[in-house]
Amino acid sequence: MTAPLKHSDPVIVDVALGERAYDIVIGRDVLASVGARIAALRPGVRTAVVTDRTVAKHWLEPTEASLASAGIPTSRIVVEEGEISKTYAGLEKVSEALIAAKIERNDLVIALGGGVVGDLAGFAAAILRRGVDFVQVPTSLLAQVDSSVGGKTGINSPQGKNLLGAFHQPVLVIADTAVLDTLSPRQFRAGYAEVAKYGVLGDEAFFAWLEKNHSDIFKGGSAREHAIATSCRAKAGVVSRDERETGERALLNLGHTFGHALEAATGFSDRLFHGEGVSIGMVLAAEFSAKLGMIGATDAARVERHLAEAGLPTRLQDIAGFAQEGLADADALLALMAQDKKVKRGKLTFILLEAVGRAVIAKDVEPQLVRDFLNDKLARKA
């Protein structure tokens, strides 16, 4: 772990992928440098900024001003906020707008927004003219520590989360921690689940630090930059060793097998934000690990306690409309898990825990064990 950063000290994290390596620039007010950094990286480039309506109100004009000051021509593409845009229709809208803007193969797409915009714009860039480079400018905590790094792009199918997509690495990531000040408390908490995930899956010392310092992260103190930089270093290390998720990178999906099923069951709606699904999913993964005898009940309780202290949902019963058909049904949830990208030849794969700070890949998990476990959790009283 590094010493906590000062607000005035941007930090650069390298994603070591050989000729496709790129920097993650983390710091307060670094958005103003996006034009100069792109001009230095790609002289003479043209750009198109993809963003959503909410982010556009706060950060589109400052981004365009930075690009203009560096002499970079740009166009704007604004989509609706939320998972509703991560669809076939949303992909068509962005792709056609990029073509209309005459974005060529040597130009850049800029994803200005949270995880939805990053995934959508990145996928559109990946397939436009068989591949156009893009820059991630994440504006949510979740995007800054997770989805903007590593090159996973895609859209949802009605049958499951992120089932259509491509690995397409950005050429630059600009993570301005000041933009997080405009997030709602719920959005920030949802992003914090992904921060906690890095501690739970591979760094017990970081998790212990989070237990002591999470309130400062929420307040916007120097702990915020430290948490983001530590999370990005963790992900960058994993991505550099296993870019296309053939092994170790699967560990980053801790909580996601359960969480994605819950998101699908709630219709990818604001009933359950992605980070909230991951929070519940991490607790379920910890408790399932305890049921299998892999960790002690006290370790599972530690994970739940911290996430609850951070204000995140930790139980199935915490989801709005929990009793609705499809959510409170173990078989329905199992059917959704069967569409998970980690399923191989119909066999369920879970990321489970041997300790807080040590996750493992568990292949070919017996569905009946999962069904019994879910039935126990669904019967849990408030």
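Predicted model: local features only at pLDDT ≥ 70, side-chain atom pairs only at ≥ 80, totals over all residues.
Me: How many charged residues are in the contact of H6 with H10?

Reply: H6 passes H10 in a left-handed crossing. The H6 side of the contact consists of Arg186, Ala190, Ala193, Glu194, Lys197 and Val200, and the H10 side of His274, Gly275, Glu276, Val278, Ser279 and Met282. By class, five of these residues are nonpolar and three are polar. The number of charged residues is four.

Me: What is the handedness of the crossing of H1 and H2?

Reply: Helix H1 (residues 34–41) and helix H2 (residues 53–69) have axes that come within 7 Å and cross at roughly 45°. The two helices are therefore oblique to each other. Their crossing is right-handed.

Me: How many charged residues does the contact of H1 with H2 have?

Reply: Val34, Gly35 and Ile38 come from H1, and they meet Thr63, Ser66 and Leu67 of H2. Sorted by class, three residues of this contact are nonpolar and three are polar. The count of charged residues is none.

Me: What span should helix H4 have, at 1.5 Å a residue?

Reply: H4 runs over residues 115–127, which makes 13 residues. The expected span uses one less than the number of residues.

Me: Is H4 largely enclosed by the rest of the structure or largely open, and how many of its residues are buried?

Reply: A residue is buried at under 20% relative accessible area. In H4 the buried residues include Gly115, Asp119, Leu120 and Phe123. H4 is largely enclosed by the rest of the structure, because the number of buried residues among its 13 is twelve.

Me: Is His168 buried or exposed?

Reply: His168 sits in the loop between strand S8 (160–167) and strand S9 (172–176). Leaving aside residues up to four places away in sequence, His168 touches Gly122, Ala125, Ala126, Val132, Asp133, Phe134, Gly151 and Thr153. Gly122, Ala125 and Ala126 are also buried residues of H4. With a relative accessible area of 14%, His168 is buried.

Me: Which residue just after H4 takes a positive phi?

Reply: The phi angle in question is about 50°. The residue with this angle, just after H4, is Arg129.

Me: Is Lys102 buried or exposed?

Reply: Lys102 is not a glycine, yet its phi is positive at about 60°. Lys102 lies in the loop between helix H3 (88–100) and strand S5 (108–113). Its relative accessible area of 56% is over the 50% cut-off. Lys102 is therefore exposed.

Me: What is the relative accessibility of Glu245?

Reply: Glu245 has a positive phi of about 55° and is not a glycine. Glu245 belongs to the loop between helix H8 (222–241) and helix H9 (256–265). Glu245 counts as partly exposed, with a relative accessibility of 21%.

Notes. Residues numbered from 1 in each chain as written. Heavy atoms only, no water. Left-handed = near helix turned anticlockwise from the far one by under 90°. Helix = DSSP H or I, 4+ residues; strand = E, 2+ residues; numbered from the N terminus. Contact = heavy atoms within 4.5 Å. Nonpolar A, V, L, I, M, F, W, Y, C, P; charged D, E, K, R; others polar. Axes fitted to C-alpha atoms, helices over the stretch in contact; angles between N-to-C directions. Parallel < 35°, antiparallel > 145°, perpendicular 65-115°, else oblique. Buried < 20%, exposed > 50% of the residue type's maximum accessible area, 1.4 Å probe, protein only.
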